[in-house]
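Please keep the viewer open as you read.

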Amino acid sequence: MEALSHDEFHEFVAMRSTVLLRLAVLLTGGDRHAAEDLLQIALMKAYGRWAHIEQPEAYVRQILYRQQVNRWRLRRHHAETTVGVLPESGGPAGAGADPELRIALWAALGRLSKRQRAVVVLRYFEDLPEAEVAALLGIPVGTVRSTAHRSLAKLRSLVPELEPDRPAQQLRPLSYTAKENQG
């Protein structure tokens, strides 16, 4: 690996690792240690191909998604645990973001199944179209739709303060996307 690429990689990690870690925490259901492992694996894989990557953040995000899908497909038989401490917030919250609602949503996300959480994160936090979510998770588009529907219904039952027409807007303040960072 040439020196310039090596320096670019270190700059990328310094600039984007907080945002990518937040995404990994969401994908792992709040398990910070698993999220750090997930991000470390993604960055190691990206480092090996760094000279050939045109869109580094998109590449690393895709590795995160696929690696997490591989983890829940392994079907490890252990109970999920919810964490009592939220990761530090790194992005600007929306003007109407209610901190108590955000905390309740965070806890509710931890109570979703791994597939439900992956669909919600990709669909509403990452704002990906259903077809792309289906391709990333290796499931049919119909499964993405039904899983998203059931997941949102479960979130609404766990957090009654959510209005039926506002789930995506309420979820958005928890993430800090590249679009927000560029603006």
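The paragraphs below start with the overall fold and then follow some helices and the loop between two of them.

A word on conventions: this is a predicted model, in which local features need pLDDT of at least 70, side-chain atom pairs count only at pLDDT 80 or more, and totals for chains, interfaces and linings use all residues. Residues are numbered from 1 along each chain as its sequence is written, and side-chain values use heavy atoms, with hydrogens and water left out.

The protein has nine helices and zero strands, where helices are DSSP runs of H or I with at least four residues and strands are runs of E with at least two, numbered from the N terminus. Read from the N terminus, the elements therefore go α-α-α-α-α-α-α-α-α. Of the 183 residues, 42% count as buried; buried means under 20% relative accessible area, exposed over 50%, and partly exposed in between, with a 1.4 Å probe and protein chains only. The protein exposes about 10200 Å², and carbon and sulfur atoms supply 52% of that area, as given by the Shrake-Rupley method with a 1.4 Å probe. Among contacts (heavy atoms within 4.5 Å) with a separation of 6 or more, 69% join residues 24 or more positions apart.

Helix α4 makes a handy check on geometry. The 12 residues of α4 (residues 99-110) should span 16 Å at 1.5 Å a residue, and the end C-alpha atoms are 17 Å apart, which agrees; the expected span is 1.5 Å times one less than the number of residues. Buried residues in α4 are Leu-101, Arg-102, Leu-105, Trp-106, Ala-108, Leu-109 and Gly-110. An α-helix has 3.6 residues a turn, so residues three or four places apart point the same way.

Next comes helix α5 (residues 114-125), which is mostly covered, with nine of its 12 residues buried. Among them are Val-119, Val-120, Val-121, Tyr-124 and Phe-125.

Glu-130, Ala-131, Val-133 and Ala-134 of α6 meet Val-141, Val-144 and Arg-145 of α7.

Finally, look at the loop between α5 and α6, where Glu-126 has its place. At 15% relative accessibility, Glu-126 counts as buried. Leaving aside neighbours within four places in sequence, Glu-126 is in contact with Leu-23, Arg-61, Tyr-65 and Val-121. Leu-23 is 103 residues away along the chain, yet the C-alpha atoms of Glu-126 and Leu-23 are separated by 8.7 Å. Asp-127 lies in this loop too and counts as partly exposed at 41% relative accessibility. Most residues other than glycine have a negative phi, whereas phi of Asp-127 is positive, near 60 degrees.

Definitions and conventions
Axes fitted to C-alpha atoms, helices over the stretch in contact; angles between N-to-C directions.
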